[in-house]
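Visitor: I would like to learn how to read salt bridges and sheets in a model. Where do we begin?

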Amino acid sequence: MTSPITHLDLRDFTNGGPAQKQAFVSSLMTGLKRYGFLTLSGHGVDPQLLRQSYHVSAAFFALPEAEKRRYAGALRGYTPFGTEHAKDHAAPDLKEFWQIGHEASEAGAGPAGAQPNIWPDRPAGFRETFETLFNRLFETGRQLLGAIALGLELEEDYFDTRIRNGTSLLRLLHYPPVPEGVDPACIRAAAHEDINLITLLVAAEGSGLELLDRDGNWLAVENAADHLVIDTGDMMARLTNGVLPATTHRVVNPSGPNVSRYSMPFFVQPRMDVSLACLPSCRDVRPPEPDISAGDFLNQRLKEIGLPEA
């Protein structure tokens with residue numbers, strides 16, 4: 001069965017002529033309004049880097065629990081299994097993860113720069129692999145936001161300065177085999193919306209991702225190994241007054257073999273001081289919500305899901 005989710009080739013926007021570029025923007029906006037998700041090829045991330053990233057990620061999560069906990073942090077480093085839960089869902093998610101952001105030396109003196117990245121002693125190549133992946137995904141996210149900006153009647157570079165040295169995060173996720181006797185309310189990732197502007201999800205190793213469509217149906221999100229999955233988050237919904245909504249999604253427990261699942265979402269987020277006030281082109285949709293800074297919004301959401309504030 002063919003997926004109803006829009007598939008796009010980013011090269012139509014970055015390398016295409018005016019007509020191709022406009023067609024990309026139109027399809028991007030339509031796809032995000034309809035499903036909140038789309039799949040993307042031509043994104044410039046080397047498939048070999050993606051394969052290497054999963055190899056190194058799996059090697060880290062295979063380390064002893066006590067060794068991993070040595071690197072526990074707030075928005076950086078390791079977050080142990082069962083720590084995070086979805087907003088308004090008390091049961092913990094069945095996952096552990098590692099987070100990487102902009103290096104403190106790059107992020108300046110603001111709050112984002114106060115939290116340096118944490119790097120484990122092993123496996124070999126961890127820092128080099130994920131610094132490279134972070135930078136490549138950040139550039140792809142910047143290009144996509146340029147297309148979204150045009151679709152919102154803004155200058156193409158509108159988001160560039162707003163996300164530079166912001167709170168963007170690369171999250172390495174591991175969903176271990178579901179433990180025996182686990183609380184039935186616990187699933188790998190309960191229904192939620194992402195907090196950020198947009199998410200770039202490296203094709204997961206293992207199925208389970210589902211989105212809730214506008215008709216209230218859960219749809220499996222499937223994509224090729226070298227494609228990215230793109231979705232819009234709460235910050236984008238706030239900026240656009242719901243024109244680009246944040247789509248509810250989840251990761252369900254395996255229905256077949258009870259094996260690990262690995263995933264790597266990249267959350268594109270602005271600097272803490274950036275305003276999330278409704279954009280001019282979206283004000284007539286409905287009465288906009290009050291202005292709030294990205295930092296206050298982020299910390300409000302982090303508190304709701306059981307994570308430390310930024």
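Guide: Begin with Arg70 and Asp121, which form a salt bridge with closest N and O atoms 3.2 Å apart. This pair links distant parts of the chain: Arg70 is in the loop between α4 and β3 (77-79), Asp121 in the loop between α5 (104-107) and α6 (126-151), 51 residues apart. The model is predicted: local features need pLDDT of at least 70, side-chain atom pairs count only at pLDDT 80 or more, and totals for chains, interfaces and linings use all residues. Residues are numbered from 1 along each chain as its sequence is written, and side-chain values use heavy atoms, leaving out hydrogens and water.

Visitor: What is a salt bridge, by cut-off?

Guide: Side chains of opposite charge can pair when their charged atoms come close. Here the criterion is a side-chain nitrogen of Lys or Arg within 4 Å of a carboxyl oxygen of Asp or Glu. The structure holds 17.

Visitor: Are Arg70 and Asp121 buried or exposed?

Guide: Both are exposed. The scale is relative accessible area: buried under 20%, exposed over 50%, partly exposed in between (1.4 Å probe, protein chains only).

Visitor: Which residue forms a salt bridge with Lys68?

Guide: Glu65, at 3.7 Å between the closest N and O atoms. Both lie in helix α4 (residues 65-69), three residues apart, about one turn. Helices (H or I, at least four residues) and strands (E, at least two) are DSSP runs, numbered from the N terminus. Lys68 is buried at 4% relative accessibility; Glu65 is partly exposed at 35%.

Visitor: What is the strand order in the open sheet?

Guide: Strands of a sheet pair through backbone hydrogen bonds, either parallel or antiparallel. Pairing here needs at least two DSSP bridges. The order is β6-β11-β8-β9, with antiparallel pairing. β6 (189-192) and β9 (218-220) are at the edges with a single partner strand each, so one side of each has no neighbour in the sheet.
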